[in-house]
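Hello,

Here is the structure I promised to pass on. My notes on it follow below.

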Amino acid sequence: MNILLKSTKIIDEKSPLNNKVRDILIENGKISKIGVNISNPKNYRTLSLENLHVSCGWFDSSVSFGEPGFEERETLKNGLLTAAKSGFTQIALNSNTNPPIDNKSVVDYVSSNNKTNAVSLHPIACLTKSSKGNDLAELYDMFTAGAIAFGDYKKAISNPNLMKIALLYAQNFDGLVLSFPQDNAIANNGIANESDANTRLGLKGNPSLAEELQIARDLFLLEYTGGKLHIPTISTKGAVKLIKEAKKKGLDVSCSVSAHHLCLTDTELKTFDANYKTLPPIRTKKDTTALIKGVKDGTIDMVTSDHVPIDIEHKKVEFENALDGTLGLESLFGAVHSEIDLQTLVKCLTTHPRKRFGFDEVYIKEGEKANLTLFNPNVEYTFTETEILSTSKNTAFINKELKGKAYGIFANNKLVLR
């Protein structure tokens with residue numbers, strides 16, 4: 001595909017053109033020229049959008065759809081289209097499907113969509129068979145089929161010896177192990193952050209201690225075994241402190257935080273709106289402050305949508321009966337950009353996740369394959385249902401004031417715009 005992007009502000013700290021306004025000519029999917037005022041003698045399509053910014057394509061490290069098994073929540077086709085229109089050129093797909101992604105065949109199935117889509121989908125396979133936490137899945141087979149990491153989505157590994165074995169075994173092929181940060185015995189089926197708020201509302205509490213105990217255990221195991229560990233969607237001040245100390249010790253650990261844990265607090269629960277029911281639960285202002293600081297100082301490696309479509313039958317019910325999860329692809333950039341400066345946020349959506357999950361770096365320069373996100377960081381708007389592109393509509397950001405919106409992407413020689 002051939003296209004000329006006009007008057008585009010480049011956001012890429014690796015480039016000498018960072019923060020410069022240039023035209024970008026793309027021919028046959030590659031960046032052929034970057035210049036101040038590029039002519040268009042071949043009459044290619046010209047794209048000129050208000051306050052157009054481009055960065056390397058965004059990577060979301062925690063995305064759930066429905067297919068296979070829960071297509072009423074979201075199909076792969078519409079999910080990938082939603083990701084593209086939300087600015088993401090790559091996503092890591094979680095294993096909460098039916099059947100779960102615990103064997104080579106399912107990895108092959110979900111990966112097959114890469115042939116025709118602008119967005120590249122990379123499966124995170126189960127760490128244990130059927131995500132039941134008892135026996136390791138066939139990690140190496142799934143790795144050779146294209147799985148980029150291994151973790152049981154939102155399910156903690158209670159058996160420390162199993163986690164120890166996983167960290168040891170994955171080193172044979174430089175595999176990345178994920179561990180959901182929750183001690184189930186301490187969490188004890190809690191559905192809201194343990195604080196004054198949950199007590200007033202009569203909701204069973206899930207304390208910060210549950211997250212921090214599990215992280216401490218896993219970091220001790222990592223120090224003993226070596227290997228690579230990723231802790232997804234941390235939510236507490238104590239978690240940030242533990243991971244910062246582990247990195248200072250030289251442990252190979254990374255972590256992510258979701259947009260809703262950066263931007264929302266448990267005061268939202270006063271309405272008993274199940275859209276705010278997530279796992280980990282939304283916590284306190286002191287936690288969001290520490291998480292934002294952790295992103296800015298590099299303790300937290302990546303920001304994720306932790307996108308979880310839930311059909312209305314399982315979400316628009318009593319708070320305690322609703323399934324956990326919120327949509328996030330459509331709202332991530334606008335929500336987080338209100339809290340994190342643009343350059344830092346872009347690094348957490350591009351350089352850091354690609355490096356951690358083993359992908360080559362992407363560059364905005366002549367001769368490179370075009371892998372770009374197009375966006376306007378300054379547009380302010382109310383996030384209403386018309387902004388939701390997913391089949392399901394469960395979002396914690398409904399009617400929130402956001403700043404910044406993606407226009408779309410150019411990737412895999414395809415242009416996708418909202």
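The side chain of His230 makes a polar contact with that of Ser254 at 2.8 Å (a pair of N or O atoms within 3.5 Å; within protein, one must be able to donate a hydrogen and the other to accept it, and residues adjacent in sequence count only if both atoms are side-chain atoms). This is a predicted model, in which local features need pLDDT of at least 70 and side-chain atom pairs count only at pLDDT 80 or more, while totals for chains, interfaces and linings use all residues. Residues are numbered from 1 along each chain as its sequence is written, and side-chain values use heavy atoms, with hydrogens and water left out.

His230 lies in strand 13 (helices, H or I of at least four residues, and strands, E of at least two, are DSSP runs numbered from the N terminus). His230 is buried, at 1% relative accessible area (buried is under 20%, exposed over 50%, partly exposed in between, with a 1.4 Å probe and protein chains only). Beyond four places in sequence, its contacts (heavy atoms within 4.5 Å) include Leu176, Ser256, Met302 and Phe357.

Strand 13 (228-231) is also among the elements that the buried residues of helix 8 pack against, as are helix 7 (208-225), strand 14 (253-258) and helix 10 (285-297). Those buried residues are Ala239, Val240, Ile243 and Ala246. They fall within an arc of 130° seen down the axis of helix 8, so they line one face (the arc is taken from the directions from the helix axis to the C-beta atoms). Exposed Lys241 and Lys248 sit on the face turned away from the buried side. Just after helix 8, Gly250 has a positive phi of about 90°.

Regards
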